[in-house]
Amino acid sequence: MKGDILFKDATLVDARGKHGIADVLIGEGRILSLFGGEAKRTIEAKGLYLSPGFLDLHTHLREPGQEVKEDLQSGLEAAVRGGYTDVVSMPNTSPVVDRAEAVRALKEKSARIGFARLHPAAALTQGQEGQLLCEARALREAGAVLLSDDGRTNEDAGVLALGLRYAASWGLPVAVHAEDAGLRRGGVMHEGEVSWRLGLPGNPAYAETARIARDLEVVRYVWEGLGVRPQGETLLHIQHLSTKRGLELVRQAKREGLPVSTEVTPHHLTLTEAHLEGLDPLYKVAPPLRTKADVEALLEGLLEGSIDCVATDHAPHTEDEKALDLLRAPFGIPSLEVAWPLLYTKLVEERGFPLPTLVARFSSDPRRILGLPPIHLEEGAEASLVLWNPSQKRSVDPRGFASKAKYSPWAGWTLLGWPVLTLVEGRVVWEADF
Amino acid sequence: MSEPSPPSFPKHLLDFKDWNRAQLESLLETAQMMQEVLARPVKKVPALSGFTVATVFFEPSTRTRISFELAARRMSADVVSFVSSASSTVKGETHRDTLRTLDQMGIDAYILRTDAAGVPHQAHRWLRKPVINAGDGWRAHPTQALLDAFTLRERLGSLEGKKIAIVGDILHSRVARSNAELLPMLGACVVACGPSTLLPGHLPGVRLTTNLREALEEADAVMALRLQKERMDRGLLPSLPEYIAGYQITEARLAWAKPEAPLLHPGPMNRDVEIEGTLADSPRSLVERQVANGQAVRMAVLYHVLVGKR
Amino acid sequence: MTFKSRILNADEVRRALTRIAHEVIERNKGTQRLCFVGIHTRGISLAKRLVELVERFEGQRVPMGILDITLYRDDLTEIGLQPRVRETRIPFDLNGKAVVLVDDVLYTGRTARAALDALIDQGRPNRIYLAVLVDRGHRELPIRADFVGKNLPTSRSEVVKVKTVEDDGEDAVELWEMEEK
């Protein structure tokens, strides 16, 4: 058997477990064999781990219209450097991605660029204005995988119910930024002892939990009247869950069999409100960084699967924008290039989180939400993979990011697990010097 | 010139986090010395000759700026002044651009006022020069708290064990927060009182209450805060008469406090809103004394933050 | 710092001050318009003694003030340490007075220079004299003392310590050597 690439002595880790060492032969965009073979290029992978490529359900690539913050070229390169082979881009660009032509344009341009594969999310409502529904059928046909008014909140429950129902008929899940605008007011950080002491406008946990509670009731209402199962199991996807109480609500809903899913971001798993003590807008994000108790609960939820997956909510802005004051700086933390090493180090290495579970939360679980099959490391599997180094330490240096957002709340953190090579359908789309 | 040197001082005054009691006591003593300078026919000393300080006010506040600038000039510092409105900042130049531009002109220290919390901290990170916070958002206004403490000590002596009531919009008040930080460091007990929509859920070291009588009873001094009219627009208070009926400091209510308890207000005062008009002009009121003391306190702050650079 | 020698003992300090008090009275032709201003810290104690001696000799108590020269130092932009600002209190009108500035040691002359500025900011005396217990030389400014208790040639590495009962529990003048750095 002749292939393109041979990973020699790679350790295989996928959602099912850690499978020991194999010589993985890649060709025709697939895994040809786990027992070696002849290849044009042999990569010595001793001590390195090979895993399914990651899928990010929640990325802001800012194109079209905000290329000063990020564009497809920089964002998709950042993705593959982070081990992501697939990213879902949010539609809150300018203009908003709410028409099939816009989706098609993104698909075509991203295909020319290479790097990670782009799966655009489109708006649920026209212009993300929360009133008139978008053409879900046409959007789906053009390649949209998800509908969301992310960047805005869905204030009108009636519109959300209609949107869920209509999207379901075309097999598209709807993702929501679950925060109640009225309770959130002008909050720039978690409301609590720290915000009261610092004198910063607070965004209470209840802005999130009240909205999740409402949205779950809307799903229940829609689900009871719908009767057809959505293709990807999920009707409603709750983005960036950040609170312990929110998790309890989702857990309960799942127990009752509601078709809902949720995600957690790397920052909500590793940072807390205490990081705002230094009054640096770098840590300004929505929903805000919460308490230690919330972080612990989210970890638990991720472990047990109540939280389906990790999604970055990679939200790049210019350095100048993030150097505005805390009231005016935009919300968002960029994390495509650190998400995996960060969580591998903090969760697996330091907390004993099972590695295959974390791999699942980065790959097969988000794929499931989109109705995509998992990639298992076996003969015939799609060769969209990441090779990473579990033992090499490196500190986070944002100046080296491919993303245009060259800053990071984790700058200077020493992490393990850095990706060294990313394959998309058998092609090497990025490799580090190693 | 071989005297034992006093404690060294932080080269910034962002809030009181990096200050300890000994440093604060020492600073208030220096302010006392500055009072003597201000009582002279020639109200000027050469101490800061050769230093240039910039007052950078991204939020206008004429009184505070004049107080700082006079303080600096009385110490013989050169003063430059930059005033802009928040709106012009949004349009183009950011705080960082403005500060970096000024920094090219050899400024030794910055006196900063902003409508957003944290800008003095950001400036301190960007410039690595002494920064004095002249008020940042709802967060801190340390020189106001220092002049309040100075004025209180002038009247009450040591603040050890003294009960100070702060009344009004605690939630949105940098004055309340800085006093809540400073006064307990000087031994005082602080009770903060207001309607619950204007109270934080918690403030370390401070007792919170919505009951005005409870706040004023046994109080050694009462401080009323300015009520911003915009609180009504944002629905935090139903109306001004409601506030006045519930929380205005009147002659009758001040009688709940200790007999001689003085009344303070950081200014500018809404007459007949926070304080009954006649009371504001009575001997109980220390409002004018606060303004006068402001200069001496700011001279002391400039001295401690600027001198002894290394 | 290491101790080298005792230059004056309590009796010698007392005699030096007595002599200065006599000289002041003689130079001023009595106590008319006379006043003393002591410079922090030991200059204040010495000024108090001189006021008492003058009273004893002339039966007249002359006014006395205290002066802190910190805010008039010429090195505040340079130094690393931050001197404490202490009290200045001149509870009488300086205009037209004959002021005797009192300090413990005259060295570079910079303290005296600062004291002159500080004094002139407070009023317009007719005459200012300078009285010191020890003049150790090494002037950096054109300043001289009118009344000197003891002229003491020193090297720059030496430190002259004036002790007073009020501040140190005894009256003495000592010579110390600075540690090699």
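Two residues are taken to be in contact if their C-beta atoms, placed from the backbone, lie within 7 Å. On this basis, in the predicted model, chains A and B share the most contacts of the 2 pairs of chains in contact. Chain A and chain C are joined by no contact, and their closest C-alpha atoms lie 28 Å apart.

Between chains A and B, 15 residues of chain A are in contact with 21 residues of chain B. On the side of chain A that touches chain B, helix H6 (residues 193-198) of chain A provides the largest share, 4 residues. This side of chain A comprises 8 nonpolar, 2 polar and 5 charged residues.

Chain A is assigned domain 1 (2-50 + 380-431) and domain 2 (53-369). The centres of these two domains of chain A, taken over C-alpha atoms, are separated by 26 Å. Their contact draws 30 residues from domain 1 of chain A and 43 residues from domain 2 of chain A. On the domain 1 side of this contact, at least two residues each are supplied by strand S1 (2-14), strand S2 (17-27), strand S16 (385-389), strand S19 (418-424) and strand S20 (427-431) of chain A. The largest share of that side, 4 residues, belongs to S19(A). By class, the side of domain 1 of chain A that touches domain 2 of chain A holds 19 nonpolar, 6 polar and 5 charged residues.

Helix packing was examined for two helices of chain A. Helix H7 (residues 205-226) and helix H8 (residues 244-255) of chain A pack at an angle of about 15°, and their axes are 8 Å apart. Because angles under 35 degrees count as roughly parallel, H7(A) is roughly parallel to H8(A). The crossing of H7(A) with H8(A) is left-handed. From H7(A), the residues A:Ala205, A:Glu208, A:Thr209, A:Ile212, A:Ala213 and A:Leu216 meet A:Arg245, A:Gly246, A:Leu249, A:Val250 and A:Ala253 of H8(A). The residues of this contact are 7 nonpolar, 2 polar and 2 charged.

Chain B is likewise divided, into domain 1 (21-141 + 291-306) and domain 2 (142-290). The C-alpha centres of domain 1 and domain 2 of chain B lie 25 Å apart. In the contact between them, 22 residues of domain 1 of chain B meet 22 residues of domain 2 of chain B. Helix H1 (21-38), S4 and helix H13 (287-306) of chain B each contribute at least two residues to the side of domain 1 of chain B that touches domain 2 of chain B. H13(B) accounts for the largest share of this side, 7 residues. The residues on this side of domain 1 of chain B are 11 nonpolar, 6 polar and 5 charged.

Chain B also contains an open sheet of 4 strands in the order S2-S1-S3-S4, with parallel pairing. Strand S2 (78-83) and strand S4 (131-136) of chain B are at the edges, each with a single partner strand, so one side of each has no neighbour in the sheet. On average, neighbouring strands of this sheet are turned by 10° against each other, direction ignored. Strand S1 (residues 52-57) of chain B runs parallel to S2(B) and is joined to S2(B) by 6 bridges. Within this pair, B:Ala54 stands opposite B:Val80 in S2(B). Helix H4 (residues 95-103) of chain B packs on the sheet and touches S1 and S2 of chain B. The direction of H4(B) makes about 165° with that of S1(B).

Conventions. Residues are numbered from 1 along each chain as its sequence is written. Chains are lettered from A and ligands numbered from 1 in the order in which they are written. This is a predicted model: local features need pLDDT of at least 70, side-chain atom pairs count only at pLDDT 80 or more; totals for chains, interfaces and linings use all residues. Axes are lines fitted to C-alpha atoms, for helices over the stretch in contact, and angles run from 0 to 180 degrees between N-to-C directions. Angles under 35 degrees count as roughly parallel, over 145 as roughly antiparallel, 65 to 115 as roughly perpendicular and the rest as oblique. A crossing is left-handed if the near helix is turned anticlockwise from the far one by less than a right angle, and right-handed if clockwise. Ala, Val, Leu, Ile, Met, Phe, Trp, Tyr, Cys and Pro count as nonpolar, Asp, Glu, Lys and Arg as charged, and the others, Gly among them, as polar. Two strands pair if DSSP finds at least two bridges between them. Domain bounds come from an automatic or database domain assignment.
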